[in-house]
Structure formats: C-alpha cells, structure tokens
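Subject: Model for your files

Dear colleague,

Here is the structure I said I would pass on. Please look it over before reading the notes below it.

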2 protein chains.
Amino acid sequence: MSKSTQVIGTRLKRIDARGKTTGETKFLTDIKVDNMLHAAPVFSHVASGHLLGIDTSVVENDPNFVAFFSAKDIPGENQVGVIFEDQPLIVHDVVRYVGDSVGILVAKTAESAQRLSKLVMVNIEPSPPIFTINDSRDCVDNFIHETNLACEHQVKRGDLDNAFKGADHIIEARFETPLQEHYYLEPQACIAQVTSEGGIDILGSIQCPFYVQKAVSKALAIPFSKIRVEQAPTGGAFGGKEDIPSETCTRAALAALILKRPIKMVYERTTDVQLTSKRHPFQMHYKVGVSNSGKLLAAEILLEENAGAYATLSSVVSYRSAMQAMGPYVIDNISVESKSYYTNLPPTGAFRGFGSPQAAFGHERMMDVIAAKLEMDPLELRLQNILKVDSSTLTGHHLKSSVGAEETLLTAASACDWEHRESNRDGRWKTGWGVSLIHYGNCLGAAGWFMDGSGAKIKLHRDGSISVAFGLIEMGQGALTIVQQMTAEALGVEPSRITVLPTDTEQVPDSGPAVASRNVVMTGNAIRDAANKLLPILREAAAELMQCDLKEIVIENGVVSNVRNNETLGFSELTNYLYLSNRPMDVLGWWHVPELNYDPALGIGEAYFTYSYATHIARVKVDTLTGVVKVDKIWASHDVGRAINPAGLEAQIEGGTVQGIGWALTEDFRVEDGKVLTDNLTTYLLPTAMDVGEIESILVEDPESEGPWGAKGIGEPAIIPTAAAIANAVSNALGTSITHIPIKPEYILEMAGD
Amino acid sequence: MSKSTQVIGTRLKRIDARGKTTGETKFLTDIKVDNMLHAAPVFSHVASGHLLGIDTSVVENDPNFVAFFSAKDIPGENQVGVIFEDQPLIVHDVVRYVGDSVGILVAKTAESAQRLSKLVMVNIEPSPPIFTINDSRDCVDNFIHETNLACEHQVKRGDLDNAFKGADHIIEARFETPLQEHYYLEPQACIAQVTSEGGIDILGSIQCPFYVQKAVSKALAIPFSKIRVEQAPTGGAFGGKEDIPSETCTRAALAALILKRPIKMVYERTTDVQLTSKRHPFQMHYKVGVSNSGKLLAAEILLEENAGAYATLSSVVSYRSAMQAMGPYVIDNISVESKSYYTNLPPTGAFRGFGSPQAAFGHERMMDVIAAKLEMDPLELRLQNILKVDSSTLTGHHLKSSVGAEETLLTAASACDWEHRESNRDGRWKTGWGVSLIHYGNCLGAAGWFMDGSGAKIKLHRDGSISVAFGLIEMGQGALTIVQQMTAEALGVEPSRITVLPTDTEQVPDSGPAVASRNVVMTGNAIRDAANKLLPILREAAAELMQCDLKEIVIENGVVSNVRNNETLGFSELTNYLYLSNRPMDVLGWWHVPELNYDPALGIGEAYFTYSYATHIARVKVDTLTGVVKVDKIWASHDVGRAINPAGLEAQIEGGTVQGIGWALTEDFRVEDGKVLTDNLTTYLLPTAMDVGEIESILVEDPESEGPWGAKGIGEPAIIPTAAAIANAVSNALGTSITHIPIKPEYILEMAGD
C-alpha cells in the first residue's frame, strides 16, 4: 500500500463541474439517436377502478402517430415490482392510482407523443378510492391488493411492561409527516435501442442500472447478458430514480423491441410529478417511559406509512424507520411496529433517507416533548442517553467503534454556543432553538444484505493514465470525484491521472442500487480491493525495473521510489514497463458488507454494519403576525468517519439541509381525488436561497474500521435531522409542540393563537 | 474444470450469421450520429515532392464546407508510425506517395466532403520518385527517409560455406511476388466523437482498437484513459485495418476535437485503394545446397521487400518472412537476409500472412526446382526434409510437440491420390499437379513478444446468462462464435447462454493487435484463465447450496451435479445463489505467450512459440491456346492443433485459399507513376466462384499443449501455401519454372511458347 494519505481529505474540484456549469454535459433531453421515435405514457385519470378498454382510434390517423402498446404486447412477465411482485408493468385490469400506466404511445416527435397520449380514450369503471392510512388500515373488504398491508417490520426487545412500570413518567405523542416530491431538475428520461443481436441497450437518467437490467429481462424475456444499461448524466434523483426507471425504461424497451427502432421517453414535468414515487407520509405514535433524571427506560412506537398504490420500496422504508425509530439513544426495552399501507395515491418509494427523516421527526420531536415535560435542556436529555462506543442501539447492536454521536452534538452545541443561546419570546418575532440528533445505518442493512456488494474496475494504461469503472452512479452527489480521489489514494498517484467512466452494467458486476448512502463505503472498499490486487504487481514490476528489493519500493504521489537509494521512476515509466512485460493491467475489485448477526423475527441485532451520526441545531425566527418561519441558521455536524473530500461533504450537507428545510416549511404536496394539484414549481414551493438562511457544516471524523480510509455515508444523513431541528426550534419559539409538517403560516397562526 | 469437452469440435452456427445475411447488422456507413459532420482526406497526387502550400479558397464558399485541417492543427505529435516513427499523421513537408494525406476536409454531407476534398489545391514541388526495390536499394542520395532501408532481419545459423562445399548440387533461383490489395468489402470507416470531459470516443471498422487508442493519444495529446475505441461490425480487414485506422481515426478525431462535433469518415473505394496499405512485393533469391538423395544441406536466401512510402508493419513482414524463409524443413546451415526498402508506392503493410505467402512462394517453388533438378517426386523431397517432433526449425527452434507438417502432407496426398495422379501434357489443355507445404509461427513471435498478451472478461449474470468480452475482434473470421464456444466449454455450459460483447478498449486490458492468427490461442487461453478463476467460486457455491463436498460437484452442459447422489441443479440456480451470497461474478482472464529463447542478432532460437502447418495440393488445367489457368481443385490440409469449430475452420480455409488463388492468377495490381490504375473491381479482378474450382478442406489435429484445448491459429495459414501450389502445378503442367505471379494468360503464352 502507499504509505500515507495525500489525496484523501483534499478539496478536489468536481470532475463534472465544468460540463455541468458550461452546459457541455449532455443530459438525455439533449441526446438524439438516429431513427429515433418518441414515447409517452398513457395513464389512468381515476384513482381506483377497473380497466374496461382503450380506444386509440382518435389518434391513429394523426400523421405523427406510430404505435400504441398495451399489456398484451409484453412478451415476458407483466410485472415490475422492485421487491414485491405487486405491480404490473402496464395495467391490464385493476387501476390503482391516477398515473397508473395502461399503455405507451409512440409518435414521431416528443411533442406529438405527449399530445396524442392525452387523446387516447381510457375507459375505466371507477371504484371508491382509499387515500389515507386510517382508511386503508381500517378497510375490511375491497382491498387494493390482496391485503392493504403492504409490509411491516418490527423491533421487540427487552421487557416493555416492567420497564414502563418502573418509569417515573410515561409520555405519549403523535406526529405526522407528509408526502414529499423529489423534484429532481431533470425528469425521468431514457432511450432504449435494440441491438442487431436482439438485445436491448438502455441509456437512462437512472440511479440503479442493475435494477433496470433486471426489469427489462423479466418483462421482455431477454437474458441479462443481452441487456446493457448505461447511465446518462443524471440531473438529480434523490431516490426518485431508483424504482421508476424500471418502469419507464422497460416500457420504452418494449416499444423499441417491437418497432426495432430507438425509443426515447422523457416525462413532461406534470406527468413526472403525477406518476412517480414520493416520500412516504408517516403517522407516528410514541409512548416513552423515562426516569425523573431523564433516562429513557421504555418505548412503544407505532409507525404507519402510506405506501400508495404499489409497494415499490416501502419494505426498505418500513425496515429502516423501525430500526432507527428511537434514534441514537440507549434504550433497552422497546417495541417498534412499522407498517406500510396501500392507498390509491401515487406509489411512495425511495426518497433520501428511506423513512429516516420521518422517524427522526418522530424521535427527535419526542425527545423535546420529554425534555419539556421534565423541564430539562433538550441537549442535556440527549447527552444523557446518547449512544457511545460499547453501548447498544435500540436493536441491540453492540457498537465497538466509530460512534461519533456525542461529538456531533457537542461540536454543534459549541459552534452555536448553545449554552448561551438567546431566546426571544416577546413581540411579533419569536426566536427559537432546536436540536436534532440522528443515526443512520449505512448501506442496505440486514434485510438487504444479500445484495449489498459492489464492484470497481481499475484499468492502468501504459501512459500512466488510469480508468476506473464503478457500479454505483453519479447523480449530483459528487461520486465521480470521490471515486477519483479514492482510486488515486489507493494507488499512490495524483488524481489527475484518473478518468472515472460512466456507469455501465457491462463494466462491473451487479453492484446493487446506488442508494442508502452506499457509494463511498461500497465503491471505496471495492477500489481498495482492486488496488490491493494491483499494487503487488506494480511493486514487483518496479523492483524488477529498478533492480532492487520489493520492500524498497514506495509508490507515492505518482512517483515510484527506491527508498534505499532514493532513485525514482515516473509512474508512467512503470506502467509502460508493466505493458512491455506482458502483465495484466486491468483489475476487478469487489467488496460486500460483512455478514450481519440479526434476527428478523424480533428485529434484534446488527441491523446495519455501521452508522453515521449527525446533529443539526436550528435557530429560527417565527413571525407571529404572518405565520412565516424564517430559518436563521443551521449548524450541521456530521460524523462521516473520514472526510474524503470536505468540499463535497459540505455541499452534500448543505443540499440535504436545504431539502430538509423545504420538507419542513415550504413544500406542501397536495393531492385531490388522487390527482396531484401541486405538479409544478409555481404551486410546489421548493425552498429558494431566500428561504434557507445560513448553514454551517461541521465534519466529525470518527473512523469506521470497515469504511474506506474510515469513511461512512453522508448522502442521506444530510437531510435526516433537519426538519425535526426546525420543528423543535419552532416549538421552542412558540412554547408549543409542533406535531406535523410542513409548518405553514396557517399552522403557525393557529398555534400562536392558542 | 468441466470434465469433458462437449462444445469444442461442434459446428456451432455463427452468432453473426443472421445479422449479416439479413442486412440487420449495421456497418459504419449505416450509422448516423446526431449533429454529425463528414470528412474526407485531401492527399497528394504526386508520388514524391515537397509540399509548398494548400489553397482551400476555392471550396470555402461552398455552403457545405465546414473546415479544413492540416498538420499545423495537430495538438500533439504529428506522428502515426505503428512501429517506426517515420510517418506523419498529416504531411507538412515531404510528400512520399500518391495518397499521402496533407489534410482533412470537413463538410456537411459525405458527398460534399468527397467532392470538395478533390477541389482543394495542393501545391507540391515534385521530385523524382522511386518505385522499385532495385532503384531503392541502389539509390545513393535523395533517400526517401534517412535511408531507403526501412528495416531488415536475418537468420545466420550453421556453417554455410562448408555445407555448400559438401553439397552435391547447388541450385539457385529467383522469384518475385506482386502487390496485392486487401479489397475488404467495407472500406475504411470511422466515427469520432468528443466526450463532455474532453475525451475521444471512436467507433470504427478496425482490426486493432488498442493501436487506434495509442495513435489518438499521441497525436491529440490526450491520455489513454480518456480515449475509448469500440469496434463496429467490420466488413473484412485481412490486415488492411491494422495500421490504416490509426491514420483515419486519428484524423477524424482531430477534426472532432476541434469542431466539438461527431465526425464520420468513410473512404470512397478509389480513395481506399489508392491510400491504404497493400501486400509487400518480394524479390527473392534462393541458393540451396542439396545432397544427391535430396537432403537440404545449406541455403542462402535473400528476400527483398518493397515497403512503399512508410514502414508501417514492414518490420513484422520482414521478420516473419525471414523466420519462415525455408519452410518447414530441417536445414542446419542457413543464411537468410530479409530487407525492406522504401519506395514511393503506397505503403505496404499487414496482409494475411505477413510475408509468409511470399516466403512460401519462394521456398515451395524452390523445392520444386530442386525436385526437378534431382528428378525426384516433389512430395518425396518434402517428406525427406520435413520437420517432425524433436527436429529443429531453420532458426534452430527445437520442436517438442504439435508438429503436424507430415500429417498434412500425407493426408492431402492421400485425399488426392497423389501417387496415381494423372498428368496430361499433350494437346491444348495441360494438367498439372503442385504441392506446397508451409509452417506458420503463431502469434507475434520473439520480435513482438512484449505485446503478445490478451485478455478476456467473463461476466456471470444471476439468471445464468453469461457475457464475455475479449480484446481481439471479429472481422469475418468467426471469432465471436469461437469465443462463445470456448467460454461455454471452459465453464461447462451451453453456448446459448453466452453473449459475446463487441470489442471495446474499456472492457479488457490492451490485448495487442487482432493479427497473426492470434485470436483462438490468445483469447482462448485468456478465457481459460478467467474460467479457472471462476470455477472454484462456482463449485464452492454449489457445494454450499447442495450441502456436499467440493469434490462431488461437476458442472457440465449447464447442469450442476452432485456425483455422489446424482442430485442436480440448473446453472441459473447456481448463479442466482452466487448473486445472493454476495460473490463477485465478473472475472478477468489474461494470457501471454511464454517467454521465447531467441537471439535477435543471429535470428536463432524460438522465433515463435508454436507453428501451424499446412499442405495445399493444386490440380490445374492450363489452356495453352488462351493462356488461361483453371484451378480444378485444391486439397487443403491444415494442422490446427484442435478444431474448435470445424465449420468455421473450413470457411477460413476456403476463404484463404480463394484469396491465394486471386493473388496467384487474377489479381494484377497496377500502378503508374504511383497512381493506382486498378482501383475498382472492373480493373482489379478478384476471383469469382467461376475461378476457384473445388476446395477440399482437411483438418489435422496435432494438439499444441500451450493452445486452448490444443488449438492453433488458422486465419493466415489458410492463404499461405495456395499460390505456390498453383505455380508448382502450372510449372508441372508446362514443364517450366514459374518464377512470378500473377500467372496471367500473357505469361502462360510466353512460357508455353518457349
């Protein structure tokens, strides 16, 4: 191995910065393929019903019309469920939401595809829809699927009854969190082409190329080996391009297969918002027993989730929210039940955090409710119960190292001078402070262990340049630059030598989904594995070339040295020698999460292999006259294990925090009869620069031994604590308990008027 | 390993048969890329001179004109020599042949690019050209390059003087062979594109993607890691797409880089014939000492080659012809000098056989001259001197196994009933019989050992399908099918599971050039290496899944069996389990030719690691009235080590033999003042079905221990003996010695009139 880390920890400029700022980067809308046709979905406009027929006669004479395909055209299985087989690729009987696709229309232009798709007559016999968790749970017949319970997970640990009996206080509260739209800047988009050997090539704005490969294989009855999925530059995803591209790409591939022409499909924004997955709304009931001194003794938690029309990734959301339901605190007696219910809303699926922001809203609001009840400093209450090395999580996972929870809390508190925080509760503008502390299980966890492996390929070129391919993706998070840095570090060379290749299912083994903040940990370790195979070859060649002992070779910063006599060799001289001596120059690396000791029946054990921790402290001003909440500043302290690229981490923290602010305050996703009312940016208000105030990022480095150079994931932790911190601050400002978000002016006025 | 070979040796249908016969396969001319421009070369119309200037003013106002680029636009080195640095990418001063490119013109359509390129005024001050080997060798000043000797190789072994002294007969003869045009059906073609990160993507009808990558890197000063070269379906190559695409693709890439738009360049046929490389013309002088009984005692051989304007692959041609100059015979005292001379003809380069067909014409005609002198049966003379196991080649390479020379001779002789062959020397039609025996060193040999490694990647998918990537290419020879068969065999599965990916520099390590009949040996061994890494993983997983001992697992024909209890498991169940147990499913394989013990100064030792052997026997009818030679039948017996796909081998043998017939009889490549006169199919006569007679392929399998399943190369051996066999047959018919080809009617009439 190279001796010291020289690249890790540097603020390397993003590889994709230039292309994305100059507009040179070609997103899918910019890409044209010869002989290409355009597709648009034809979908249900009622939320629940039975498909009676589809009449395309009105569009068939349009000169731009090419074809319409429905369920009967699918050669393989009409099934696109990511985890459960509950979702047809194209509906042929039961319609379950406004947006359920009944077909795909192909036309000569994108405009005509969209226009004509809206003219197709879809004849549906409506049935009474169900939109709420309560209605779904309480339903006794006419279930949306075989049952309305999409999935459930639980944690049952300790002796709850006795623990509650021994508690000085038993405190209960209910919280609710709403739908959230991903609102990635680039809508769903793909191009599907048929190869001359009858295979399918997909180029897509996607998060999980290997999911798409599987979906296409299943529906089109084509083996995996004939399906290639490449990721195009992707303008945001946030989980919204985890499940949906399996639908969009497969439908486009179906049309391409039948027509033998390339098919492009880019969703219009309003279509995208109506059809695609959202963040699960949660209803949460917390019942917590504490001692007078504030020790958490028992908790009984019920999380109920609105899964929408199809399960998609509800199981992951349900699992993760259960595993983290009481936050990073020691609590030995706990019952968590987490249940997802089908409704006739658009399906809810993966969204940055997978239920963690919702659970965090629950446990962190609850901690403040407890603190208020005990008249304790909320920070003090958290510190008293906080997870440390050698303590166990709520699932009973004994933590041996890399538990930065306390350090994030203390560094955030110190940065904002929590002890001397001023509150202003008089007058129109009230100031409030809120703290929120979270843990986040890295990668897929015990429930997804079977697919929690990732690959990387390092390719040395004889001129000393290096290509690296990885199995996860860049979707705005800075993955390319991190991959570049980790490869450089692993090999002991300058980052400028390294070209990171676009993700392509043919380059590396199935590396699982680009979700769950996996990239740094999974790809980093795969890169280290590849480098560990390559370095002995490099060193052996160097010793041969420099005629010295293997042990005398050091490769550092792109220079190969003989430490005995300080002779040096450029890295490219070494790679050229490698080439000339017929050594293989491509190496595949692989890493999977260590096996986890976990009991799925009780939800006890190692739910994840390690956890990231974060504290957000929010200072808000509440205008009691207008009801407007203004976030002054958020101090965001994150235990990232090891900072690979501090600039990238800060950007992730800022981006996540802003998305959390939007969810907490401005984003009010409205649906009426299953139809989304807020399907554009004039009605769905993303936070602007004016709304977000100041964000101070603090990086805590408590290295994880299994992480590459100690690193842990950051993608999702960045958003998880924010909304709770803001809600706690507003509660603090108003002296009342905020129970749901978004905290709209109406809500404030109502609370302030109490 | 799988127990027995079930796929090797079967006549599997070609993977690419359907696409190529239905027209579904898209060749480069069929491929359009969005926003693409078209390029055509602007080249010299004089054979020798000094470039004074280029005037594009006449085309600049054409609405289709886009740009013209010359040498001054090259950001890197203006150098494209494949082995020697003697060739500018774009000429900036000295012009060396009619076709030397002085620039590249870019226009909006292919038609306008070609039209306008011809209107550009190229001002060249002519100087006296040199066209023949003799003029080049004898030249004393005004050399074409620093010297007129492009390169030379030699073999000096034994005691020549003494051996000649001890010879009963010393026989001398001179032979000549002409230029030959590859005449691949698809001309040179490529598309170059700039990536948003400033890299270059090339899609080309090419033989050596890694050569193109190197050439682009050098001229455009872009690291290898930013250059991706993919091979498009390639309509023939025969060596003609080894060197030339480095020029064409790099010039197109230059234009793409500057204009930031995709550039397509497809040569018109006449341009292609004028500009691209040909088979080297040879002048050969043989002086051989033999005993009365016909034992070869000494040989002094001078091979002189017309290299044309640039060396390109002359060094390989010169080396290979020297190493094989006396054929597969035992001869202990030998001097071979092989010299390539620059002239002002189009460059001669790689062409199926790399000088072997020329050397074979020399040594096999010489053997017949000797036989005639000794009044021996030509077959008997060959048998007496033939290489066998434990004998040494003319370079002193001691052969330990896989020497099928004798068996090819005997099987061919037996098939045609040589002993009872009838000759008809009376009347207008004379019948003649000729035999020709050759050896062919597999792969690049000692002179190219440093780049004689190849890779393959096997990718298992969880559905049991398999992708395989290789570093060499399909150019009509059936490589895809062979790769499929070898992968199936190596893994113990059915070929239908396997998809062979198009060649792409990003998939596998630099695997060297797809030349020298390398594919079966190199790729086959790389596949075996990959499979040897994969099989233990598969077997371990199978044992785990079937709960049995590793040793009890057999994987055969896509079925995994426990031999103890005959339980079985489908291959896809096993791959799915591999996936679910987080095992890596991609494996890279690598193989390089064993190190060779060779002395380059004397040309002594292991010139190649093994040799293929072949005998062609031709029966011809010579019409002494018209001078037409009619090939009745050719018996072509080839030692291929092991027949991977007999159908493919027979097709290769037939194709090579036909190309040999063309070179021997119909193809008369004419150049006047450096300008090719025969630049289309009405003037350059490829043999038609009417010209080739019957071909009987005989496969001899003398396994090579280093070859995959014993296999050796066939691509080039197929053409090597043909012309000599025909010339020997014509000589036999006429009772005179044919000394040069093509054997045109004029030549016959002249000979017959003697």
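The notes below cover the interface first and then some local features.

This is a predicted model, in which local features need pLDDT of at least 70 and side-chain atom pairs count only at pLDDT 80 or more, while totals for chains, interfaces and linings use all residues. Residues are numbered from 1 along each chain as its sequence is written, chains are lettered from A and ligands numbered from 1 in the order in which they are written, and side-chain values use heavy atoms, with hydrogens and water left out.

Interface

Chain A puts 52 residues in contact with 52 residues of chain B (contact means heavy atoms within 4.5 Å). About 4200 Å² is buried between the two chains, and carbon and sulfur atoms give 49% of that area; buried area is the accessible area (1.4 Å probe) that two parts lose on being put together, summed over both. Of the area that chain A buries against chain B, 15% comes from A:Ser225, A:Glu506 and A:Asn582, more than from any other three residues.

There are four salt bridges between chain A and chain B (a side-chain nitrogen of Lys or Arg within 4 Å of a carboxyl oxygen of Asp or Glu). A:Asp504 and B:Arg228 form a salt bridge through their side chains, with an N to O distance of 4.0 Å.

On the chain A side, at least two residues each come from helix H6 (209-220), strand E17 (453-460), strand E18 (466-470), helix H15 (571-580) and strand E23 (586-592). Helices (H or I, at least four residues) and strands (E, at least two) are DSSP runs, numbered from the N terminus. E23(A) gives the most to this side, with five residues.

Local features

The peptide bond from A:Ile741 to A:Pro742 is cis, with omega near -5°, and A:Pro742 sits in the loop between helix H18 (722-734) and helix H19 (745-752) of chain A. In chain B, a cis peptide bond joins B:Ile741 and B:Pro742, with omega about -5°; B:Pro742 lies in the loop between helix H18 (722-734) and helix H19 (745-752) of chain B.

A:Lys260 is not a glycine, yet has a positive phi of about 55°. This residue is in the loop between helix H7 (244-259) and strand E12 (263-266) of chain A. For context, most residues other than glycine have a negative phi, and most peptide bonds are trans.

Regards
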